[in-house]
Amino acid sequence: MTATGLHPRFVLLLCFISTAACNTFAFTEEPSDRGGRADGYCSRVLRAQSNRKEGNSEFRLRVEGDPESYHPGSTYRVTVTAASPSYFRGFTLIAMKDGAEGDKDEDYAGNFQIIDEEETQFMTNCPPAVTESTPRRRTSIQVFWTAPPSGSGCVFLKASIVQKRIIYFQDEGLLTKKLCEKESLYGDTTDKPLLDCCACGTAKYRVTFYGNWSEKIHPKDYPRRANHWSAIIGASHSKNYVLWEYGGFASEGVKQVAELGSPVKMEEEIRQKGDEVLTVIKMKAQWPAWQPLNVRAAPSAEFSVDRTRHLMSFLTMLGPSPDWNVGLSAEDLCTKECGWVQKVVQDLIPWDAGTDSGVSYESPNKPSVPQEKIRPLTSLDHPQSPFYDPEGGAITPVARVMVERIARKGEQCNIVPDNVDDIVADIAQEEKEEDDTPETCIYSNWSPWSACSSATCEKGKRMRQRMLKAQLDLSVPCPHTQDFEPCMGPGCSDEDASTCMMSEWITWAPCSVSCGAGTRSRERYVKQFPDDGSICTLPTEETENCVVNEECSPSSCLVTEWGEWDVCSATCGLGMKRRERMVKMPPADGSICGAEVLEVEKCMMPECPIDCVMTEWSEWSECNKSCGKGHTIRTRMVMLEPQFGGDPCPEAIQRKKCKIRKCNRGQGNSDEKKRRKEQREKRRSKQGRAEGNSEHPGCRMRPWSSWTECTKICGGGIQERLMTVKQKIKTAQLSSCKDRKEIRACNVHPC
């Protein structure tokens, strides 16, 4: 027994039922340890098996998106819910490594983050666990959980539920979720930047951005009139520079991309980093956000990496939006085997830059004060969010990025042979000497020769590569994995003399006629002739039919393509925009060109702000005192609520002091009260007769309706009631028989 006479198990039960009770008895079980060691207490929580109830389906622990695995360092929303009509009063939530007992700090995996401090808090004597802030009836709670770093293995998320005095604490079932670390999609990529890259030479990559944010895939509140991707900005950089990262704060450059879609400040920040950056990555904006690939090619850019600057980051805004973006952060292109990643394909979900608190695509500007950390959007952020899902499912990706290696240069030192040969010649390398490969070295076949480093008849070099497959005698070195030889540009080489090499086709020439059917042609040239004197038989010219204007007549004219649309004439709301084209060739018969040279169409900008509109002030009411100091009020009502950032509504009620006369003291005061009471009774009697019979001569009125609810809970609101005509006598005048409405102030106390 403890010092207070309570059994330890009962104390633990109290801890589950109420955190307050837990704190009360926290130090009575072990008087010798008044600090209350967290690890010992947590292990006692986990051993509360005798009070549990197995096999229920009323309660459920869920990780947003229902993943089977976790990404190290990623943040997930964890919810505990009760199926209707069930509820729970208290709970405990904890994350432990697989096989851990919970008696030491390293047994716990990841970190919880409180979302609502009024609902949840960290357990006082077991900091890794989350519990209720106040014991009360509830049907759900939610917290964030950040997964542990790579190499942590599998993790169990466990919840206990307190319903009255029954504790549900399951090792299996709906209150326990097992997540294991997710393996990388590509064996030669890393989830986190390597501390040091051991690859040799340099590598060149092409990054291609495929936006699939469209009304078909993301229909909720999709902004039809202005959807776009902003210009893409990024860089290949070292580990000493961070463009953006989850859990970090957005720089001014990131903020301008996220809110305005402008890459100017971001590019300035990147270039200021000097040698920490190898290549600045830039791609044009895309208007609209989505078009079929056969209509508009996906934007791409090329960049290089080396041993020091082997990370790649980029971002682009999806617009319109408050501050939402997609991108990659510190994607490591160096492998653990000292090579270069061949290909990375990753689906992208939007993230919040933490600089604006808007919840929908076209929310008005609402700066986040203080600035919040960058975080991924989730499907439970806000009911007005276009990505909201009450079930908490995963957000459908809005884009996909593909990073492909297209070339390597210089001496390569990867341990595992690369199955893609994209090494190009490095003219800084010396020519190789005669091959003296030892018999104890087993190599792969030589790769094909690379392109010559010279495009003219000046002397250049070309290169081929082979990989070391086995070294039978470790004492004998195995050199010569690369081979170089002299070469010259096309048409100059002594090698492959019998080959006829052609250039690419030049673009088509203009049509031979300005009106009607004609022909057009294109050409190519011979890059290298055979040295045996033979002639290249491949064609050097192609011709095809073309039509400039199918309905060609002497009165037809030739016009240019349409120019770009002008800026919309309105800065908000509905406006007009126009575009023009010019007459290139007037009709041959001298008539006026009938082709349209001006187009005008409507354009819709963001809605114009609408200010609040109020009614006129009512008359001042009677003084609320018949003698002495009192007050009188007047009111007005809101006719039109403000919209789209318009001016807010001003006050709807005003009061001022009033003083009728001095109140008599003593007997006189008593007489005054008696007189006021008689007047009130007369008014009630008169009002009752009016409501029961009629309000006006020639009319029979229905009784007054009940007063409506007050429009405000404090600070002065308004109530209304109505009296409508029940029956009208034929001889009654129209003006004397009509509905009545009364208005009065309510909840006038200050907020």
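# Reading the fold by questions

Reader: Where is P288 found?
Author: Helices (H or I, at least four residues) and strands (E, at least two) are DSSP runs, numbered from the N terminus. P288 sits in the loop between β15 (277-283) and β16 (300-305).

Reader: What kind of model is this?
Author: Residues are numbered from 1 along each chain as its sequence is written, and side-chain values use heavy atoms, with hydrogens and water left out. Local features need pLDDT of at least 70, side-chain atom pairs count only at pLDDT 80 or more, totals for chains, interfaces and linings use all residues, and the model is predicted.

Reader: What is omega for the bond that joins W287 and P288?
Author: Most residues other than glycine have a negative phi, and most peptide bonds are trans. W287 and P288 are joined by a cis peptide bond. Its omega is about -10°.

Reader: What is omega for the bond between V369 and P370?
Author: P370 lies in the loop between β20 (351-352) and β21 (375-376). The bond from V369 to P370 is cis. Here omega is about 0°.

Reader: How many strands does the protein have?
Author: The secondary structure includes six helices. The strand count is 43.

Reader: What share of the residues counts as buried?
Author: Buried means under 20% relative accessible area, exposed over 50%, and partly exposed in between (1.4 Å probe, protein chains only). The protein has 751 residues. The buried share is 38%.

Reader: How many residues apart are C154 and C180?
Author: C154 and C180 form a disulfide, with sulfur atoms 1.9 Å apart. The pair links distant parts of the chain, with C154 in the loop between β8 (140-146) and β9 (155-163) and C180 in strand β11 (residues 176-181).

Reader: Is the disulfide of C198 and C338 left-handed or right-handed?
Author: The sulfur atoms of C198 and C338 are 2.1 Å apart. The torsion about their S-S bond is about -100°, so the link is left-handed.

Reader: Is C338 buried or exposed?
Author: C338 is found in the loop between β18 and β19. It is not a glycine, yet its phi is positive, about 65°. Its relative accessibility is 14%, so C338 counts as buried.

Reader: Which residue does C452 join in a disulfide?
Author: C452 is partly exposed, because its relative accessibility is 25%. The link is right-handed, with 95° about the S-S bond. S to S is 2.1 Å, and the partner is C487.

Reader: What is the relative accessibility of F644?
Author: F644 has a positive phi, near 55°, and is a residue other than glycine. F644 lies in the loop between β38 (638-640) and β39 (653-659). It counts as partly exposed, because its relative accessibility is 44%.

Reader: Which residues is V254 in contact with, leaving aside its neighbours within four places in sequence?
Author: V254 lies in helix α4 (residues 252-260). It counts as buried, because its relative accessibility is 0%. Contact means heavy atoms within 4.5 Å. Leaving aside neighbours within four places in sequence, V254 touches L243, W244, M266, L315 and W351.

Reader: How far apart in space are V254 and M266, C-alpha to C-alpha?
Author: In sequence, V254 and M266 are twelve residues apart. C-alpha to C-alpha, the distance is 6.1 Å.

Reader: Which residues lie nearest the centre of the second largest pocket?
Author: On a 1 Å grid over the protein atoms alone, a pocket is an open set of points where a 1.4 Å probe fits, with protein on both sides within 12 Å along at least five of seven lines; lining residues have an atom within 4 Å of a point. The second largest pocket is lined by 33 residues. Nearest its centre lie R225, A226, P320, E362 and P606.

Conventions:
Disulfide = S-S within 2.5 Å.
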